[in-house]
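Subject: Handover of a structure and the findings

Dear colleague,

Please find below the structure that I am handing over to you. The findings follow directly after it.

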Amino acid sequence: MARASPAWSEPVESLCARLGTSLQGLSSQEAGALLESLGPNDLESRRRRPLPLELLLRLGNPLVLVLLVACGISAVVHDLTSSAIIAVIVLISVTLDFVQEHRASNAAERLRGAVALRARVLRDGVEQEVPATRLVPGDVVLLATGSRVPADARVLESHALSVNESLLTGEPYPVEKAPGLAPSDAPLADVGNTVFAGTSVLGGTGRALVFATGCETEVGGIARGLSAPVASTAFEKETHHFSAMLMRLTVLMVLFVLLVNLTLARPLLESFLFAMALAVGLTPELLPMVVSVTLARGALRLADQGVIVKRLSAVHDLGCMDVLCTDKTGTLTEANIRLARTEDATSQHSERTLAWAFLNSHFATGLRSPMDEAILARRVACTQGWRKEDELPFDFERRRVSVLLEKDGRRVLVVKGAPEALLSCCEACEAPEGPPRALDVPAREALQARADALGAQGFRVLGLAWRDAPVQREGLSPEDETGLVFAGFASFLDPPKQSARPALAALREAGVAVKVVTGDNARVAAHVCQELGLEVRGVLTGAELALLDDPGLRARARDTTVFARVSPAQKSRILRALRQRGHVVGYLGDGINDAPSLHEADVGISVAGAADVAREAAALLLLRQELGVLHDGVQEGRRTFGNVMKYIRMGTSSNFGNMLSMALASLVLPFLPMLPIQILLNNMLYDVSELAIPLDTVDAEQLSRPTRWDLRFVRLYMAVFGTLSSLFDAATFTVLLHGFHAGAPLFQTGWFMESLTTQVLVIFIIRTRGGAARSRPARLLVLSSLGVVAVACALPFTPLGPSFGFVPPPPAILASLGGLVVLYLACAMGLNRWFFRRFATA
């Protein structure tokens with residue numbers, strides 16, 4: 001239920017007095033003082049926690065709590081060495097995770113700040129543009145078509161102002177806003193004198209007095225009451241599923257090891273620590289950090305290429321994208337629209353048609369379209385003496401705009417819009433000479449055919465019409481747009497963007513199908529596609545789409561390249577149909593009518609100069625409206641996903657195999673196969689070796705087609721490579737026990753060295769789908785991996801060795817273990833190549 005607010009029920013004068021402001025807004029000093037005391041107009045910033053608290057909260061991780069319990073138990077029983085080592089390793093792991101994710105978060109925050117929402121506001125009595133986060137109660141904001149309402153505000157002035165409030169009310173229909181009073185207990189849907197933060201302006205202009213910002217707004221109140229977390233993206237869900245799978249295995253293995261050790265009457269504390277160390281070794285504790293760092297690095301590289309990432313997981317989604325739906329203007333065309341010609345109903349050049357077009361564009365308010373700018377660029381001297389009385393702004397259902405003008409007592413309604421939408425409202429057409437003649441069905445069809453012919457030549461076409469209005473009539477409504485006299489066509493040329501041709505070819509080669517979803521004429525869109533070499537396999541218009549049910553649309557969507565004359569709701573249906581067919585869909589748009597589609601798509605992409613509401617809805621913003629930039633982003637997304645999957649494969653190959661071997665070895669060995677301290681040290685060194693994975697290169701073949709998360713593939717990889725690792729562990733056990741009759745310290749030392757060496761070096765094999773020699777690893781990955789191996793092999797020979805239970809192995813054992821490592825890596829290389837040829841789907 002909406003909470004009552006006196007702001008929309010009290011007189012404006014009283015509200016201004018309460019806020020300490022005037023109808024001309026605040027001064028800069030007053031606004032600064034209020035901002036300091038009330039905080040920014042931002043829901044997120046008020047929920048941020050101090051950094052020390054963030055670090056402490058990471059200790060609430062269930063796995064970390066288990067380790068801390070083990071640390072405490074060790075201290076109580078005076079095993080201070082074990083307690084200290086566990087504490088240090090936990091601290092290092094948590095700190096690494098915190099530092100890396102904090103850096104990633106800061107990088108993403110800086111990128112979001114580059115495209116933060118801005119608002120037009122009156123400060124010091126003059127219009128200024130400021131970040132929306134710096135608005136305070138008492139500010140006067142200026143609103144126009146396409147802008148997002150930055151705060152809750154009372155309407156002071158309205159010119160056909162209409163707002164979409166579906167965010168708050170769930171109703172998709174425009175709501176007209178005007179000054180006045182509303183009852184204090186009125187539901188939000190009936191409050192006509194107030195605009196609310198987060199809603200979007202569909203038409204008209206207005207001026208409003210801010211009375212609530214941030215968490216004090218209506219949407220802020222809703223946010224405070226929400227207990228459910230934000231819905232996860234597909235990538236986050238899959239990583240959670242993977243982690244849950246490993247956690248289930250971890251619990252089963254820990255319980256199994258505890259049961260075996262207790263059955264064999266081994267010391268309880270030692271058995272518990274061993275089981276907890278196995279849990280550490282099995283759990284992918286670095287997965288969130290690796291994912292965050294990899295995605296953040298991808299976001300920074302995309303920023304260098306002109307792509308701003310607002311949601312980190314969108315980097316991965318971009319790499320998975322296999323269908324891109326895009327508008328035409330500005331992406332496939334130059335967006336440099338010029339008026340090519342104006343003609344009358346007989347297809348002859350007409351200055352009178354140009355005059356009607358100029359009057360309409362000159363007096364219409366709100367956000368001007370590029371075609372309006374092209375008309376006004378002609379600077380026709382025809383406005384003298386005319387005065388605007390009213391207007392009906394453009395909307396995406398009527399697809400036309402009307403202005404009511406008066407001159408010397410004559411009132412004329414001038415209408416401009418899409419030809420098919422306009423011709424249906426006309427009853428007559430202008431003749432070259434004499435009065436208008438009736439517009440019968442054959443004449444109307446001939447005019448529509450002329451508009452279609454112009455579209456087939458690549459022109460964008462607008463129709464112009466007018467009619468005299470009664471002098472006594474007050475106000476305008478859509479019902480007044482009838483009985484019009486057709487004046488002629490205005491044809492515009494927007495040349496195809498030649499830089500889009502190679503980009504379209506590159507996307508096609510990369511496995512991304514491009515579909516054009518536009519409100520423009522089908523013939524114009526198809527002509528542009530053909531000019532740029534984009535094969536048009538099918539065309540579907542909005543009228544045809546309206547006749548299809550959802551299964552029918554799913555069937556047609558696959559083989560359709562151009563969707564023309566579609567409404568915003570139909571765009572969303574198209575995207576939903578493609579997603580239901582199993583595609584990962586991106587949508588590129590920049591208008592207010594694109595916002596629902598940007599929400600609906602897996603990857604919403606807009607441009608820095610887009611309407612506010614479109615920029616807010618998008619996950620990615622292009623600083624340059626070029627498809628070539630987007631192709632580079634797709635490659636970066638695939639590179640990012642490839643590096644994340646390397647860590648996944650590491651965690652499901654030798655790492656899992658070694659932990660499995662430890663659990664099974666505890667059944668047959670008279671001692672623990674590795675001390676808990678050694679397992680924790682193994683895990684820490686192993687994590688250090690993987691920190692450079694986000695910086696690694698990726699195979700060219702993985703960049704050549706969309707990549708998808710496949711949990712079945714991960715499970716198979718775990719089973720196959722875990723088995724291989726366990727077989728070589730068994731061979732190591734045999735060599736140490738039966739070949740050298742090693743006791744517990746020597747056995748544990750030898751296996752620690754062999755297991756960590758194979759775990760770390762196998763990254764050079766599983767990081768690529770082909771031979772290791774074909775794909776060069778990043779230098780830092782080589783240094784970190786070889787450095788960790790060197791530390792592991794040298795540690796038993798240093799004074800620190802005994803602290804971890806190590807003894808120096810003799811040369812014969814070292815040589816035997818070295819041979820096993822080489823043989824394992826050779827087998828892993830062959831198995832890796834066979835596995836990818838046999839099972840890889842992406």
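In which loop does R565 lie? R565 is found in the loop between strand 20 (562-564) and helix 20 (568-580); helices (H or I, at least four residues) and strands (E, at least two) are DSSP runs, numbered from the N terminus.

Before going further, please note that this is a predicted model, in which local features need pLDDT of at least 70 and side-chain atom pairs count only at pLDDT 80 or more, while totals for chains, interfaces and linings use all residues. Residues are numbered from 1 along each chain as its sequence is written, and side-chain values use heavy atoms, with hydrogens and water left out.

R565 and its surroundings

The phi angle of R565 is near 55°, a positive value in a residue other than glycine. R565 is buried, with a relative accessible area of 19%; buried means under 20% relative accessible area, exposed over 50%, and partly exposed in between (1.4 Å probe, protein chains only). The side chains of R565 and E420 are joined by a polar contact of 2.4 Å, a term for a pair of N or O atoms within 3.5 Å; within protein, one must be able to donate a hydrogen and the other to accept it, and residues adjacent in sequence count only if both atoms are side-chain atoms. Not counting residues up to four places away in sequence, R565 touches several residues, including R399, T518, D520 and Q570, where contact means heavy atoms within 4.5 Å.

H741 and helix 28

H741 also has a positive phi, near 50°, and is a residue other than glycine. Its place is in the loop between helix 27 (711-739) and helix 28 (744-761). Is H741 buried or exposed? At 65% relative accessibility, H741 counts as exposed. In helix 28, by contrast, 16 of the 18 residues are buried, so this helix is largely enclosed by the rest of the structure.

Strand 9

In a regular strand the side chains alternate between the two faces of the sheet. Strand 9 (residues 323-326) is covered on both faces: V323 and C325 on one side, and L324 and T326 on the other, are all buried. Four bridges join strand 9 to strand 18 (residues 513-517), and the two run parallel; strands pair if DSSP finds at least two bridges between them. In strand 18, K515 is the bridge partner of C325.

Yours sincerely
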